[in-house]
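Good morning, and thank you for coming. I would like to take you through one structure, going from single residues to the contact between chains.

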Amino acid sequence: MSTATVQKRGFGATLWDYLTTVDHKKIAILYLVAGGFFFLLGGLEALIIRIQLIKPDNEFISAGLYNQMFTMHGTTMIFLAAMPLIFTLMNIALPLQIGARDVAFPFLNSLGFWLFAFGGVLLNLSWFFGGAPDAGWTAYAPLSVQSPGHGMDFYVMGLQISGAGTLIGGINFLVTIVNMRAPGMTYMRMPMFTWASFVTSILILFAFPALTVGLILMMFDRMFGANFFDPTMGGNVIIWEHLFWIFGHPEVYILILPVFGLFSDVISTFSKKRLFGYSAMVFATVLIGFLGFMVWAHHMFTTGLGAVANSIFAVATMAIAVPTGIKIFNWLFTMWGGNIRMTVPMLWAVGFIPSFTIGGFGGVMLAVAAADYQYHDTYFVVGHFHYVIVGGVVFGIFAGITYWWPLLFGKVLNEKLGKIAFWPFFIGFHMTFFIQHILGLMGMPRRYWKFQPNESLDIGNLVSTIGAFLMAIGTIVFIINIIYTALKEEKCGTDPWDGRTLEWTVPSPPPFYNFKQIPLVRGLDALWVEKVQGNGEMTPAEPLGDIHMPNNTFIPFMISLGLFIAGIGFIYQVDNKQWLIVGIAGLLITFISMFVRSMKDDLGYHVHKEDLEKGAGSK
Amino acid sequence: MSAEELKQLKPGQGPHEPEKATLEGKNKFLGFWFFLGGETVLFASLFGTYLALKNSNLDGPSTQELFGLELVFIMTMILLTSSLTSVYAMYHMKNYDFKKMMIWLGITVLLGLSFLSLEVYEFYEYVMHDGHTFTSSAFGSAFYTLVGTHGAHVIFGLCWITSLMIRNAKRGLNLYNAPKFYVASLYWHFIDVVWVFIFTVVYLMGKVG
């Protein structure tokens with residue numbers, strides 16, 4: 001029952017604060033640091049892949065290491081970089097955009113982060129313990145089941161733990177959006193980013209359990225003698241493909257939809273116009289989310305499901321181009337006639353539209369099942385998905401981090417350095433991946449360690465590698481910008497972008513309770529409505545009163561640590577049954593922590609009205 | 001949530017639906033329904049796997065030879081009844097009759113325990129007498145994974161309800177623990193529904209399919 005006080009803290013106290021925090025803004029920073037680290041790691045792996053392919057018959061790394069490199073690049077980028085960075089954006093912006101003081105379950109928010117973090121660390125420990133996973137990020141059976149060593153075991157346990165964290169996050173955001181909106185914030189007044197996060201969370205909820213089951217089956221096969229994927233014992237390897245893609249296809253929409261929403265907000269803000277076709281955008285988002293579950297077998301056209309199944313999934317896949325096209329045109333129409341400010345987030349947005357559209361064209365080409373027999377497992381596919389994931393998701397993450405940097409750290413990232421980071425990344429991106437489509441059409445298969453000389457593949461691969469280094473330069477400039485901004489830039493205060501939505505009504509960075517008084521929302525683009533009517537600030541929906549806040553807790557860290565230890569135990573009990581003790585000990589830590597959580601009342605505390613009047617929590 | 005939510009409530013004192021009377025309660029209620037949506041996909045995936053592998057019994061017994069419906073029918077009845085008793089418990093919770101709620105929850109736990117012991121007996125028979133094990137064939141793996149995951153849910157549900165009962169035995173019902181009891185009972189119903197599908201898809205379809 002303490003009251004909030006502002007004081008300088010030592011390093012130890014700050015560390016403890018972050019280990020135990022349940023504040024969505026601090027958890028966003030945790031996601032940013034961890035996701036940013038894994039992004040750099042995955043980028044390093046990508047550079048090593050590209051150096052290996054810089055010339056024919058290269059011997060830069062061995063074939064086995066190459067397999068580990070592309071497996072870990074894919075796995076790291078999808079699960080440990082893109083997902084947490086998306087969660088950074090959701091955590092920092094979503095509660096503020098709907099006028100909430102925190103997410104619905106602050107405890108679970110923290111638990112989700114620590115599960116993800118420990119899962120990611122577990123996966124990457126494999127590098128130091130006898131080799132990383134090497135069966136591709138898709139881990140097709142039987143290759144993955146028979147892969148020697150413990151690499152794939154780390155894949156199974158690491159993804160299982162971090163996947164649980166993601167699922168928890170999804171449920172949390174869903175409940176937050178349904179139950180915690182400020183008065184007047186109807187569904188059709190929610191900012192597009194919130195809408196997209198809502199649909200994304202539904203996808204997470206229904207897609208991740210399929211991965212959970214797939215990983216359980218693989219765990220049983222690899223570590224406990226089950227026969228799901230062993231044809232000699234009656235097993236069936238196609239089950240893995242189905243389960244993986246029932247998860248895997250929605251997963252790509254999980255990544256791209258929040259970014260669509262974010263770009264809608266960015267484009268609207270920096271065009272000084274209401275989003276063109278808001279309700280059509282909402283409809284398109286929901287439709288993409290729905291169709292995203294209907295198309296998983298387009299990854300399996302060459303598996304041999306038959307002509308009827310292939311046709312159905314081909315048509316469903318092409319249908320997704322329609323709502324996506326609606327979005328592209330609505331962004332263009334939003335900019336048309338707008339008062340455009342080419343800030344860094346807007347620059348990424350404008351770069352995103354043509355880049356993503358090219359990726360979409362590749363997608364429609366791949367959807368033609370008959371033609372897919374030619375494209376399948378070639379660099380055409382690699383080019384396509386990097387166009388949508390880098391040209392969409394990564395551009396979006398750069399835009400989003402720049403856009404919401406004031407909410408994270410109270411400063412605007414340096415604009416000049418931001419633009420210097422954009423151009424090499426943008427040019428390098430197109431150099432790297434456009435040529436890969438052509439390499440694929442020329443017959444270069446993906447995941448091959450070497451290519452032969454005199455196959456006309458030399459120049460294309462060289463260009464692609466040079467592009468990859470340009471992207472690295474862009475990323476480095478972005479990091480320099482972060483350091484420069486932290487040292488040199490001034491605090492930006494409230495509403496640095498002349499924003500339209502509720503997150504810009506609070507000071508940057510926001511006080512830990514977000515809103516002193518919950519705002520009353522009177523229309524779409526709630527802040528803009530007030531600006532147009534000359535108020536300039538929100539009308540409060542409640543009198544100033546005590547604010548209830550949740551307590552910090554160390555239990556999420558312990559629950560996740562327990563599962564991490566259990567994961568290691570289960571991986572090594574294959575060699576020596578004594579490791580089962582470690583596994584069980586880890587589970588005990590987890591269950592005892594859950595039990596403590598269940599037994600101890602956690603009532604939180606109040607920030608008192610008098611302290612709020614004195615300005616508690618504001619920096 | 002504040003300290004006054006820990007005030008013990010007697011019949012006629014509290015709001016209409018104690019499990020949804022606070023924002024925390026509402027969040028828990030909704031979040032748990034979403035969680036059950038995810039669990040549905042989890043079990044759907046396991047059912048799909050089982051259906052794909054149920055005839056891959058190799059040299060081991062087939063589903064027709066293996067299953068006896070008598071025991072499974074008794075188990076089904078026990079679990080369905082336990083769902084009913086948990087409804088009674090929630091009925092008394094809504095009337096703030098703490099003692100009766102505890103009694104019916106106790107009966108629910110006892111029924112769950114008897115279900116669990118019958119399941120252990122069933123698995124024991126399969127392993128010891130029929131040579132039907134987790135590693136003997138793909139059918140074995142799929143069967144034990146599906147039915148075993150359900151069994152693990154039963155164990156977790158029993159531990160959950162029991163700890164709730166012990167924790168709150170002395171302080172009675174309040175707006176802080178009412179949502180906890182309520183979502184635990186939701187979980188119990190979900191386990192029951194999954195079992196109805198297992199009874200149909202695994203046992204009945206195993207006999208006639």
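Let me begin with a definition: a residue counts as buried if 20 or more other C-beta atoms lie within 10 Å of its own, as exposed if 12 or fewer do, and as partly exposed in between. Please also keep in mind that this is a predicted model.

The definition applies at once to A:Lys272. A:Lys272 has 13 other C-beta atoms within 10 Å and is therefore partly exposed. The residue sits in the loop between α8 and α9 (278-291) of chain A.

Is B:Tyr96 buried or exposed? B:Tyr96 counts as buried, because 20 C-beta neighbours lie inside 10 Å.

I turn next to the cis peptide bonds. One joins A:Ala141 and A:Pro142, with omega at about 5 degrees. A:Pro142 belongs to the loop between α4 and α5 of chain A. Another cis bond runs from A:Ser508 to A:Pro509, and here omega is near -10 degrees. A:Pro509 lies in the loop between α16 (458-488) and β1 (519-520) of chain A.

The loop that holds A:Pro142 also holds A:Trp137, between α4 (106-125) and α5 (143-146) of chain A. With 19 other C-beta atoms within 10 Å, A:Trp137 is partly exposed. Which residues does A:Trp137 touch, leaving aside those up to four places away in sequence? They are A:Thr71, A:Gly74, A:Thr75 and A:Ile78. As for A:Arg189, that residue is 52 residues from A:Trp137 in sequence, and the C-alpha to C-alpha separation of the two is 39 Å.

Now to helix packing in chain A. Two packed helices are described by the angle between their axes and the distance between the axes. For helix α8 (residues 238-271) and helix α14 (residues 379-409) of chain A, the angle is about 50 degrees and the axes are 9 Å apart. That angle makes α8(A) oblique to α14(A). The crossing of α8(A) past α14(A) is left-handed. On the α8(A) side, the contact is made by A:Leu255, A:Ile256, A:Val259, A:Leu262, A:Phe263 and A:Val266. From α14(A) come A:Val388, A:Ile389, A:Gly392, A:Val393, A:Gly396, A:Ala399, A:Gly400 and A:Tyr403. By class, this contact has 11 nonpolar and 3 polar residues, and no charged ones.

Let us move to chain B as a whole. Chain B has 6 helices and 0 strands, and its pattern along the sequence reads α-α-α-α-α-α. Taken along the principal axes, its C-alpha atoms fill a box of roughly 65 × 30 × 25 Å. Of the 209 residues in chain B, 42% are buried. Among contacts in chain B between residues at least 6 apart in sequence, 82% join residues at least 24 apart.

Some of this can be set beside the record. In an unreviewed entry, UniProt annotates "transmembrane region" at residues 30-51, 71-91, 103-121, 141-166 and 186-206 of chain B. In the model, residues 30-51 of chain B are 100% helix and 0% strand, with the end C-alpha atoms 32 Å apart. Residues 186-206 of chain B are likewise 100% helix and 0% strand, and there the end C-alpha atoms are 29 Å apart. UniProt, again in an unreviewed entry, lists residues 30-207 of chain B for "domain: Heme-copper oxidase subunit III family profile". Over that span the chain is 83% helix and 0% strand, and 38 Å separates the end C-alpha atoms.

Thank you for your attention.

Notes. Residues numbered from 1 in each chain as written. Chains lettered and ligands numbered in written order. Predicted model: local features only at pLDDT ≥ 70, side-chain atom pairs only at ≥ 80, totals over all residues. Axes fitted to C-alpha atoms, helices over the stretch in contact; angles between N-to-C directions. Helix = DSSP H or I, 4+ residues; strand = E, 2+ residues; numbered from the N terminus. Parallel < 35°, antiparallel > 145°, perpendicular 65-115°, else oblique. Left-handed = near helix turned anticlockwise from the far one by under 90°. Contact = placed C-beta atoms within 7 Å. Nonpolar A, V, L, I, M, F, W, Y, C, P; charged D, E, K, R; others polar. UniProt positions renumbered as here; feature names shortened; annotations may be inferred.
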